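Have the structure open as you read.

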There are 2 protein chains.
Amino acid sequence: MQLFWTPASPFTRKVSIAARELGLWDRIEIRPTTWTLDWGYRTPAFTPGLAEANPVARIPTLVTDEGIPLGDSTLICLHLDEVARPKSLIPADHTARWRMWSIYAVADGILEAQIAMRAEMLRPVDVRSESFLAKQRERIVRCLDALEADVGHLAGDVDLAQITAGVALGYQDWREWLFDFRPGRPRIAEWYAEFSRRPAMRETEPRETPTA
Amino acid sequence: MQLFWTPASPFTRKVSIAARELGLWDRIEIRPTTWTLDWGYRTPAFTPGLAEANPVARIPTLVTDEGIPLGDSTLICLHLDEVARPKSLIPADHTARWRMWSIYAVADGILEAQIAMRAEMLRPVDVRSESFLAKQRERIVRCLDALEADVGHLAGDVDLAQITAGVALGYQDWREWLFDFRPGRPRIAEWYAEFSRRPAMRETEPRETPTA
């Protein structure tokens, strides 16, 4: 398998952690990508091979062993999980599985808001919208509060909801323009302190993407 | 099941078509939502119940029979497919299944670009970015060209890739600020002329969302 990758993308970090937790990381060839800082508001020059594999031209993109490109991080997680069976990051029980996906979608909503803010902040100042940034910040607050209330479901064997929540909280810590999620949320603060010690979390700590 | 819904959202149309094709539509209670036109750049007043069910506060949101909210259209499709078994919109064969998901992700990338353009065009003119609109338009062109090249995979029993491609092409037709996808793409033009005759497509033709 091949993975178009950068160290800054939270969606890419999510699949990189999933691959590690599933024991598949060594079977994946990493294709590093570079992004000019205008990617948020202009079509950048794509790393060769990326747009040819996935016309959405986005990371993460996984190319499967059969040569099939998958340009969506949720689908990539599902594919890796199928390849790794009987290992799995998805609960077998019906209710537990959909409870996991419910929380996964909330955590993924944080990632989307974080990336929307990042793209907005890369815009020239004259077309930057403060109310758009506030909207995304308010979405993150609602989702963090929901994770705090639901932290009991972030327990047990590692799953895709835990991984996505860990990535969302890690990104919140990494970007200096995002706020500290801990005040008022002691339960996810404690949960994250423990979860972030996992080797797959430590090996994937975010770094700036090379711009050339 | 309950579905937070509007007639304008292509992601909601996708799950509405999937539910119809799976024979589940009658088991879903529709919860219509309203959106003020500033939704793209400001936190709007949410329809009561929406943000409480899904803190991302977005449509479609499905609440399952077990009371579990799912706030992501791909996960909603997966859930409906599981509920409807043995009916399914997902091929059983491994390679056919991932080929379907590959095309699904390309078509879904068109929906994301369309909605990103819609949100941008709702912004006040002074913070609207023409290059952002161009970026999304160029993404749609790449994805449409890929669908044209891959149209042979949009054949056979109806599946989630066909549904998503149908919704993407239908939205392209509906919004007057989007371009006609047909010139230079005779194969998807012909495919869509046929696919759009399906009852599930005709029963879900897009209409403006009520603003209050």
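In this predicted model, chain B holds an open sheet of 4 strands in the order β2-β1-β3-β4, with mixed pairing. Its edge strands are β2 (29–32) and β4 (69–70) of chain B, each of which pairs on one side only. Chain A also has an open sheet of 4 strands, ordered β2-β1-β3-β4, and its pairing is mixed.

**Sheet in chain B**
- Strand β1 (residues 2–5) of chain B runs parallel to β2(B), and 4 bridges join them.
- Within β2(B), B:Arg31 is the residue that stands opposite B:Phe4.

**Sheet in chain A**
- The 4 strands of chain A follow the order β2-β1-β3-β4. At the edges stand β2 (29–32) and β4 (69–70) of chain A; each has a single partner strand, so one side of each has no neighbour in the sheet.
- Strand β3 (residues 61–63) of chain A pairs with β4(A) in the antiparallel sense, over 2 bridges.
- A:Val63 stands opposite A:Pro69, which lies in β4(A).

**How the two chains relate**

**Interface**
- Of the interface residues of chain A, 100% are also interface residues in chain B, so the copies meet through the same surface.

Methods
Residues are numbered from 1 along each chain as its sequence is written. Chains are lettered from A and ligands numbered from 1 in the order in which they are written. This is a predicted model: local features need pLDDT of at least 70, side-chain atom pairs count only at pLDDT 80 or more; totals for chains, interfaces and linings use all residues. Two strands pair if DSSP finds at least two bridges between them. Two residues are in contact if their C-beta atoms, placed from the backbone, lie within 7 Å.
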